[in-house]
Amino acid sequence: MRPFAILSEAWRNLATGTNRAAVFGLGLALVCGALAVADARNIVALEQRAAEFVDSGASVRVLSAESSVNGSSCDALSGMPEVGGAGALRERAALRLDAMPDNPLPAYTVPPGLAAVLGVKTVTAEGVWLSEETARTLETAPGQSLGTTEGALTVAGTFPYPDDGRDVRPGYAALVPSADTDPFDECWARVWPPSESTQELLLSAVTADSPADTALTTGQLNASLGETFDGAAEFSDRITRFAAPATALAGLLLGFVSVRLRRLEFASALHVGQSRRSQLVTTLLETGVWSTAGLVLAGCALVLASHAGNPGEPGAVLAVSRPGLVAAVPACLAGAALALAGVREEHLFRYFKDR
């Protein structure tokens with residue numbers, strides 16, 4: 001058959017529904033799309049849990065060593081690849097506010113690096129940091145001043161600090177940034193993803209001349225969500241990890257069935273003189289059309305599933321789930337070719353009786 005005749009034959013089969021293109025295209029979209037979407041939503045759920053773990057402060061590791069933490073060494077931890085911010089903390093005299101002199105506000109001296117750990121949003125370089133809840137309680141805002149017995153203090157910035165199980169101290173306290181070199185009591189570091197060397201990193205912030213009997217403890221800012229979140233292990237063990245090969249297998253079966261149901265038609269075409277090569281090209285064209293259409297529909301669903309409620313990067317989800325979906329098209333073609341190879345002209349009458 002000439003190329004134009006092959007194209008014409010494929011078009012007529014698609015237009016008249018002889019090859020059930022709409023049925024198999026929708027079938028591919030439903031089956032393979034459902035598998036890909038299920039995998040994408042599982043990954044998004046892991047992203048959400050990871051974001052919750054980080055936002056709750058569970059990824060912030062705290063080293064406590066009274067008067068034995070080097071502020072510069074603690075700040076330097078932020079240069080490590082897995083550390084998103086680090087800063088020290090030391091208790092200082094409480095602030096007596098003019099508005100409530102009988103209820104002093106706890107205060108802590110901190111280096112500027114702690115801003116990255118707490119997510120402080122500053123408007124000025126000089127002043128104190130307050131949690132958003134404390135600022136609302138005191139009816140103040142960044143840039144405004146607080147009258148204290150030490151003089152007026154500017155609210156340089158605020159930071160979110162919900163009551164979700166984390167260490168409550170900074171939630172109702174004033175943090176006073178300082179560049180002094182006196183030893184601190186604690187070192188806070190936001191470590192993500194979790195690392196086995198976290199404790200060693202924190203211990204490097206202890207001053208070299210600290211007493212041998214100094215009590216050193218490490219823990220989490222918020223332990224309510226568990227000590228660790230091993231996202232990599234949960235990703236590897238997720239129940240939908242075999243979605244990609246299952247999608248390819250589904251495509252293979254659909255392609256095979258789409259031709260198997262038409263074996264009488266193909267055997268008849270061979271009987272009247274159509275060559276196997278022409279038959280194969282025509283079949284692959286038809287299969288390619290409906291499988292590509294199914295892929296487009298399933299791909300749209302996958303894109304939506306990868307973006308909806310995803311606190312991370314949707315592209316990363318697509319990079320995992322998309323290959324299996326794309327593999328469905330060549331799998332359909334392979335299944336169709338395999339079924340066509342099994343059609344025999346000499347079985348024409350048997351196909352006729354079995355129809």
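Helix α6 (198-203) gives the most to the lining of the second largest pocket, with three residues. The model is predicted, with local features requiring pLDDT of at least 70 and side-chain atom pairs counted only at pLDDT 80 or more, whereas totals for chains, interfaces and linings use all residues. Residues are numbered from 1 along each chain as its sequence is written, and side-chain values use heavy atoms, with hydrogens and water left out. Helices (H or I, at least four residues) and strands (E, at least two) are DSSP runs numbered from the N terminus.

The second largest pocket has a volume of about 250 Å³. A pocket is an open set of points on a 1 Å grid over the protein atoms alone, where a 1.4 Å probe fits, with protein on both sides within 12 Å along at least five of seven lines; lining residues have an atom within 4 Å of a point. Grid points are joined across faces, edges and corners, and a volume is the space filled by probe spheres set on the points. The lining of this pocket consists of R61, P194, S195, E196, T198, Q199, L202, T218, G219, E227 and T228. By class, the lining comprises two nonpolar, six polar and three charged residues, where Ala, Val, Leu, Ile, Met, Phe, Trp, Tyr, Cys and Pro count as nonpolar, Asp, Glu, Lys and Arg as charged, and the others, Gly among them, as polar. In the loop between β9 (184-191) and α6 lies P193, which is joined to W192 by a cis peptide bond with omega of about -5°.

The largest pocket has a volume of about 300 Å³. Of its 16 lining residues, F229, D230, G231, A232 and F235 are the closest to its centre. Helices α2 (21-55), α7 (231-236) and α11 each contribute at least two residues to the lining, and α2 gives the most, with four. Twelve of the lining residues are nonpolar, two are polar and two are charged.

Helix α2 also packs against α8, at an angle of about 170° and with the axes 9 Å apart. Axes are lines fitted to C-alpha atoms, for helices over the stretch in contact, and angles run from 0 to 180 degrees between N-to-C directions. The two helices are therefore roughly antiparallel, a term applied to angles over 145 degrees, as against roughly parallel under 35, roughly perpendicular from 65 to 115 and oblique for the rest. In this contact (heavy atoms within 4.5 Å), F24, G27, L28, V31, C32, L35 and D39 of α2 meet A243, A246, T247, A250, G251, L254, V257 and S258 of α8. The contact residues divide into ten nonpolar, four polar and one charged.

Eight salt bridges are counted, each defined as a side-chain nitrogen of Lys or Arg within 4 Å of a carboxyl oxygen of Asp or Glu. One of them involves the side chains of R238 and D39, with an N to O distance of 2.7 Å. Because R238 lies in the loop between α7 and α8 (243-260) and D39 in helix α2, this pair ties together parts that are 199 residues apart in sequence.

A further helix pair is formed by α11 (residues 314-326) and α12 (residues 328-341), whose axes come within 5 Å and cross at roughly 20°. Helix α11 is therefore roughly parallel to α12. Residues G324, L325 and V326 of α11 make the contact with A328, V329 and P330 of α12. Five of these contact residues are nonpolar, one is polar and none is charged.

Within strand β1 (residues 60-69) lies S67, a non-glycine residue with a positive phi of about 55°.
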